Amino acid sequence: MHYISETLYWISTGLMVPVVLFLVLLFIRALWLILGFFGQFVQVKREESVLYRQFLQAGALQLEELESSLPQASHLLVTPFLADMLQHKAEAHHLNLQAAAFELAADKELSLCKTLTKLGPMLGLMGTLIPMGPALVGLAQGDISSMAYNMQVAFATTVVGLFCSATGYLIGQVKERWFFQQQAWLQCLLDLFIPKNVSPCVSR
């Protein structure tokens with residue numbers, strides 16, 4: 001049993017370096033996500049307001065006006081899908097494929113936020129627990145400096161992991177709301193081109 005415990009101890013301490021490296025990478029990705037999100041937020045809200053006014057009159061929608069109002073270089077994920085659906089409005093199967101493709105694209109866009117939300121606490125907890133072993137050993141041997149260093153590492157990894165998780169969660173929530181609204185616009189076009197009994201196509 002002693003050898004098994006020693007083996008597990010060395011395995012856990014050997015994981016410390018990969019955990020710290022992954023946390024640093026996650027932290028950099030979280031900062032990059034924040035910097036890109038602020039610029040994207042302003043552009044998305046501006047473009048959303050334009051399209052939203054168009055879809056408010058979905059019952060008597062002028063499709064040519066909607067197609068001409070779509071920006072060429074858009075920050076909205078839905079824009080190329082809307083343009084494609086307007087060009088193939090007579091092909092029901094193509095419209096449904098585009099609606100499904102948008103869902104996949106939205107899920108891919110949210111993958112980084114989901115990764116930060118889930119991996120941040122996991123790696124932070126690992127980075128907290130791994131140094132606790134050497135810290136307790138240092139305490140037992142009276143090596144206060146070693147214990148203090150390991151405790152410092154444990155607290156730092158916890159904070160970094162929680163920061164990454166909070167960043168991914170908050171930005172992911174905002175982006176999910178964007179994609180729900182944009183998916184409603186796609187559904188609105190499906191209702192216009194493929195009439196059927198559905199719930200209202202614009203929600204906010």
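Glutamine 40 sits in helix H2, which spans residues 16–55. Helices here are DSSP runs of H or I with at least four residues, strands are E runs of at least two, and both are numbered from the N terminus. Glutamine 40 counts as buried because its relative accessibility is 18%. Buried means under 20% relative accessible area, exposed means over 50%, and partly exposed lies in between (1.4 Å probe, protein chains only). Leaving aside neighbours within four places in sequence, glutamine 40 is in contact with His75, Lys175 and Trp178. Contact means heavy atoms within 4.5 Å.

This is a predicted model: local features need pLDDT of at least 70, side-chain atom pairs count only at pLDDT 80 or more, and totals for chains, interfaces and linings use all residues. Residues are numbered from 1 along each chain as its sequence is written, and side-chain values use heavy atoms, with hydrogens and water left out.

**Overall build**
- The protein has eight helices and zero strands.
- Along the sequence, the pattern reads α-α-α-α-α-α-α-α.
- Of the 204 residues in the protein, 36% are buried.
- Among contacts with a separation of 6 or more, 76% join residues 24 or more positions apart.
- The accessible surface comes to about 12300 Å², and carbon and sulfur atoms hold 67% of that surface.
- Accessible areas come from the Shrake-Rupley method with a 1.4 Å probe; for residues, only the protein chains shown count as cover.

**Salt bridges**
- The structure holds two salt bridges.
- A salt bridge is a side-chain nitrogen of Lys or Arg within 4 Å of a carboxyl oxygen of Asp or Glu.
- One of them joins lysine 114 and aspartate 107, at 2.9 Å from N to O.
- Lysine 114 counts as partly exposed because its relative accessibility is 35%.
- Aspartate 107 is also partly exposed, at 43%.
- Lysine 175, a contact of glutamine 40, forms a salt bridge with glutamate 109, with the closest N and O atoms 3.5 Å apart.
- This pair links distant parts of the chain: lysine 175 lies in helix H8 (residues 144–193) and glutamate 109 in helix H5 (residues 92–109), 66 residues apart.
- Lysine 175 is buried at 5% relative accessibility, whereas glutamate 109 is partly exposed at 32%.

**Nonpolar core**
- The largest nonpolar core has 36 residues, and Val78, Leu116 and Leu186 touch the most other members.
- H2, helix H4 (79–87), H5, helix H6 (111–129) and H8 each supply at least two residues of this core.
- Such a core is a set of buried Ala, Val, Leu, Ile, Met, Phe, Trp, Tyr and Cys residues joined through side-chain atoms within 4.5 Å.
- Not counting residues up to four places away in sequence, leucine 116 touches Leu26, Ala30, Leu33, Pro121, Cys164, Ser165 and Gly168.

**Nonpolar surface patch**
- Val20, Phe22, Val24, Leu25, Phe27, Ile28, Leu31 and Phe163 make a nonpolar surface patch of about 670 Å².
- Patches are made of residues with over 30% relative accessible area and no salt bridge; like charges are joined within 9 Å, and nonpolar side chains (Val, Leu, Ile, Met, Phe, Trp, Tyr) within 5 Å.
- H2 gives the largest share of the patch, seven residues.
- Isoleucine 28 of H2 is partly exposed at 48% relative accessibility.

**Confidence**
- The average pLDDT is 82, and 85% of the residues score at least 70.
- pLDDT is the predictor's confidence in each residue, from 0 to 100.
- Among the elements, helix H3 (residues 63–69) has the lowest mean pLDDT (63) and H6 the highest (93).
- Over residues 197–204, pLDDT stays under 50.
- Where pLDDT is low, the predicted coordinates should not be read in detail.
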